[in-house]
Amino acid sequence: MELLYARCAGLDVHSATVVACARIAMGGTVTYHHRTVSTTTKGLLELAEWLSAQGCTHVVMESTGVYWKPVWHILEGQFALTLANAMHVRNIPGRKSDKKDAIWLADLLAMGLIRSSFVPPAPIQDLRDLTRTRKLFSREIARHTQRIQKTLEDANVKLTEAISDLLGVSGRAMLNAFIAGETDPERLADLANGRVKASRTQLVDVLHGRVTVHHRFMLKVHLDQIEALEKIVAALEARIDEALIPFRAALSLLKTMPAVRATIAPVVLAEIGTDMTQFPSAGHLLSWAGFCPRLDESAGKRHSTRTRKGAPWLKTTLVQAAWAAARKRDSYFHAQFVRLTSRRGPKKAIVAVAASMLTDIYYMLRDGVEFHDLGSQYFAQRDKEHLTKRLLRRLHDLGVEVEVKDNAA
């Protein structure tokens, strides 16, 4: 096997220590030198000096939780760094130790047997932290909203049957009235604005319940938490807007795609960045994002075709956007969804739509072009001959004989 790097190092990273192994090949002899340092800044700087003294040019480490990040930040710019997926470099069970793991990583790197994981530049990493944190707090708002609904159900107040948005203007006004001690359904119904579609009679009926002191306390606790979380989300969104300033051009391109707007576009940029040279092809990006079927075959039999695990932040966001894009009539995504739903079901169809959206995003960012919709008739025009044969076969099965004449001319 060809030796790629004569002087390289493998790092086994832990929360408190880093075990380093410098692999030095001279002639036909390979020697290993070990060093264990702490993960404090002082210890990592000592590690950088030791690796330089050993003449190492390339360094590999596993993506262990978040422990690899400070090591990466200290060594970045001094060495060619490789971040290895722990699943790809797993050592033999029963023969593991920190030193052997470091040796194993160094050997794999020296022979070029490790594929580096995608590590975005610092501005994209900052944007990624912001968008992921915003999503976490948004989920917390949804959880507290569900707890408010649960409290109302316990008080036999069926407000969600008349109001779709419990945290809207009307819903909040009624919740605050409940907290203040108001229990008269007539007065509570007066708080609904003109946008509420439910009739006054229906509102009075659903607002008649048994709201106790305990219910009012619980409603106040959850509503206060929601208001505090909404302030945090607003601050995060303002910070995200500032972080997006250097990427306005790429953001404008992404917003030309259906369903990719103010919330979805920053998430996509935060997860994949703007430099598509990190991915050799659109297929590599799809595989990294987990939109490809897993390869699980033995003895000529395929055991599973489920999509691979990967990038949960990007995958869930694109699937959510795909549901919105598939609803747009006279579009390629709608035609693709309808075409696949009849054969594979809506869940697999929507994953395919999300994969198509990510493929388009790859070429849009790579080539700097806006989105171009192929139209709802794309599949019909592409498969005209196949479609004609299928329809003729179907008519024949129904007992109808037709004469085919091409009107293209």
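This briefing covers aromatic pairs, pockets and cysteines in one protein structure.

The structure is a predicted model, in which local features need pLDDT of at least 70, side-chain atom pairs count only at pLDDT 80 or more, and totals for chains, interfaces and linings use all residues. Residues are numbered from 1 along each chain as its sequence is written, and side-chain values use heavy atoms, with hydrogens and water left out. The model has 11 aromatic pairs, a largest pocket of about 1,400 Å³ and zero disulfides.

**Aromatic rings**

- Rings of Phe, Tyr and Trp (its six-membered ring) pair if their centres lie within 6.5 Å; planes under 30 degrees apart are stacked, over 60 edge-to-face, and the rest tilted. By this rule there are 11 aromatic pairs.
- The F279 and W288 pair is tilted, because the ring planes stand at 55 degrees, with centres 5.6 Å apart.
- F279 is buried, at a relative accessible area of 5%, and W288 is partly exposed at 27%. Buried means under 20% relative accessible area, exposed over 50%, and partly exposed in between (1.4 Å probe, protein chains only).
- The W323 and F337 pair is edge-to-face, because its planes are at 65 degrees; the ring centres are 5.8 Å apart.
- This pair links distant parts of the chain, with W323 in helix 12 (residues 312-326) and F337 in helix 13 (residues 332-344), 14 residues apart. Helices (H or I, at least four residues) and strands (E, at least two) are DSSP runs, numbered from the N terminus.
- W323 has a relative accessible area of 33% and is partly exposed, while F337, at 15%, is buried.
- One aromatic cluster is formed by Y332, F333, F371, Y378 and F379.
- K315 lies over the face of F291, 6.0 Å from the ring centre. The rule asks for NZ of Lys or CZ of Arg within 6 Å of the ring centre and within 35 degrees of the ring normal.

**Largest pocket**

- The volume of the largest pocket is about 1,400 Å³. On a 1 Å grid over the protein atoms alone, a pocket is an open set of points where a 1.4 Å probe fits, with protein on both sides within 12 Å along at least five of seven lines; lining residues have an atom within 4 Å of a point.
- Its lining has 35 residues, and those closest to the centre are S63, N85, S117, F118 and W288.
- Helix 2 (68-75), helix 4 (122-154) and helix 11 (282-289) each give two or more residues to this lining. Helix 4 gives the largest share, six residues.
- The lining of the largest pocket divides into 13 nonpolar, 13 polar and nine charged residues. Ala, Val, Leu, Ile, Met, Phe, Trp, Tyr, Cys and Pro count as nonpolar, Asp, Glu, Lys and Arg as charged, and the others, Gly among them, as polar.

**Second largest pocket**

- The second largest pocket holds about 540 Å³ of space.
- Of its 19 lining residues, T305, R306, T307, K348 and V351 lie nearest the centre.
- Helix 13 and helix 14 (346-367) each give two or more residues to the lining of the second largest pocket, and the largest share, seven residues, comes from helix 14.
- This lining has seven nonpolar, three polar and nine charged residues.

**Cysteines**

- There are zero disulfides in the structure, a disulfide being a pair of cysteine sulfur atoms within 2.5 Å.
- C21 is in no disulfide, and the nearest cysteine sulfur, that of C8, is 8.3 Å away.
- C21 is buried at 0% relative accessible area, whereas C292 is partly exposed at 21%.

Definitions and conventions:
Grid points are joined across faces, edges and corners, and a volume is the space filled by probe spheres set on the points.
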